[in-house]
Amino acid sequence: MAEAYLGLGGNLGDSAVNLRTAVERLALTDGITVTGISKFYRTAPVGGPSGQPHYINAAIAVVTDLTPRQLLDYCLSVECHFGRVRRERWGPRTVDIDILLYGSLVIEQPGLSVPHPMLRERLFALIPLCEVAPPDLEIPPDGIRLRDVVRAAKSALEPSEFELVVTL
Ligand code: A4P
Ligand code: MG
């Protein structure tokens, strides 16, 4: 059994409904127990084409006996259920599910990088993550604490950008 954290985001269609449905599907999966769900946040798009809609972002904690690869495959199958079509990097999407962390594992395989490579720069992932993970969680590979990662990410942002992260 491992504890893992998933980040969810979407900005096409009714994203709050889509994210809630995605969480329900994950919770119904054999081998996945959802142990925490963050609030849903409306966030300004980071990267990608200009003019794309704001996102809804959330994070969940799960306990799982799926391997990281099985968990990824299941997340991708849930994305497909929402008819997600990949057109461009960081482009608009119905539901995106990322494995943010899987226990203390560091994985660098084709198609699977854990921790998620952009985690430390992404407040839209870190802020929901803080609601479902302990602040002193050690983030691999260097074991820096989650609270310190968040502090660093916040200090790298202009206050106005940070204000765009609001609770629904
Ligand atoms: N992949 C590798 N590692 C992982 C992992 N840990 N979790 C592979 C999930 N997938 C992983 O992903 C492409 C491939 O990455 C997958 O097939 C899987 O094999 P993708 O979801 O098609 O690509 P992406 O999401 O466009 O890129 P990436 O690098 O995952 O970007 P992010 O960090 O997800 O950023 N702004 C706001 N406000 N909110 C957002 O949610 N999301 C993005 C995408 C950009 N801007 C955003 C948001
Ligand atoms: Mg992604």
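I began with R120, which is partly exposed at a relative accessible area of 30%. Here buried means under 20% relative accessible area, exposed over 50%, and partly exposed in between, with a 1.4 Å probe and protein chains only.

I noted that the model is predicted, so local features need pLDDT of at least 70, side-chain atom pairs count only at pLDDT 80 or more, and totals for chains, interfaces and linings use all residues. Residues are numbered from 1 along each chain as its sequence is written, and side-chain values use heavy atoms, with hydrogens and water left out.

I then looked up the salt bridges (a side-chain nitrogen of Lys or Arg within 4 Å of a carboxyl oxygen of Asp or Glu). The structure holds four of them.

I found R120 paired with D142 in a salt bridge, with the closest N and O atoms 2.7 Å apart. R120 lies in the loop between strand 7 (112–114) and helix 3, and D142 in the loop between strand 8 (138–139) and strand 9 (144–145), so the pair ties together parts 22 residues apart in sequence. Helices (H or I, at least four residues) and strands (E, at least two) are DSSP runs, numbered from the N terminus.

I next examined K39 and E131, whose salt bridge has its closest N and O atoms 3.7 Å apart. This pair links distant parts of the chain, 92 residues apart, with E131 in helix 3 (residues 123–132). K39 is partly exposed at 41%, and E131 is partly exposed at 33%.

Last, I recorded the salt bridge of R151 with D148, at 3.0 Å between the closest N and O atoms. R151 and D148 are separated by about one helical turn, because they are three residues apart in helix 4 (residues 146–155). R151 counts as exposed at 53% relative accessibility, whereas D148 counts as partly exposed at 27%.

How values were computed. Chains are lettered from A and ligands numbered from 1 in the order in which they are written.
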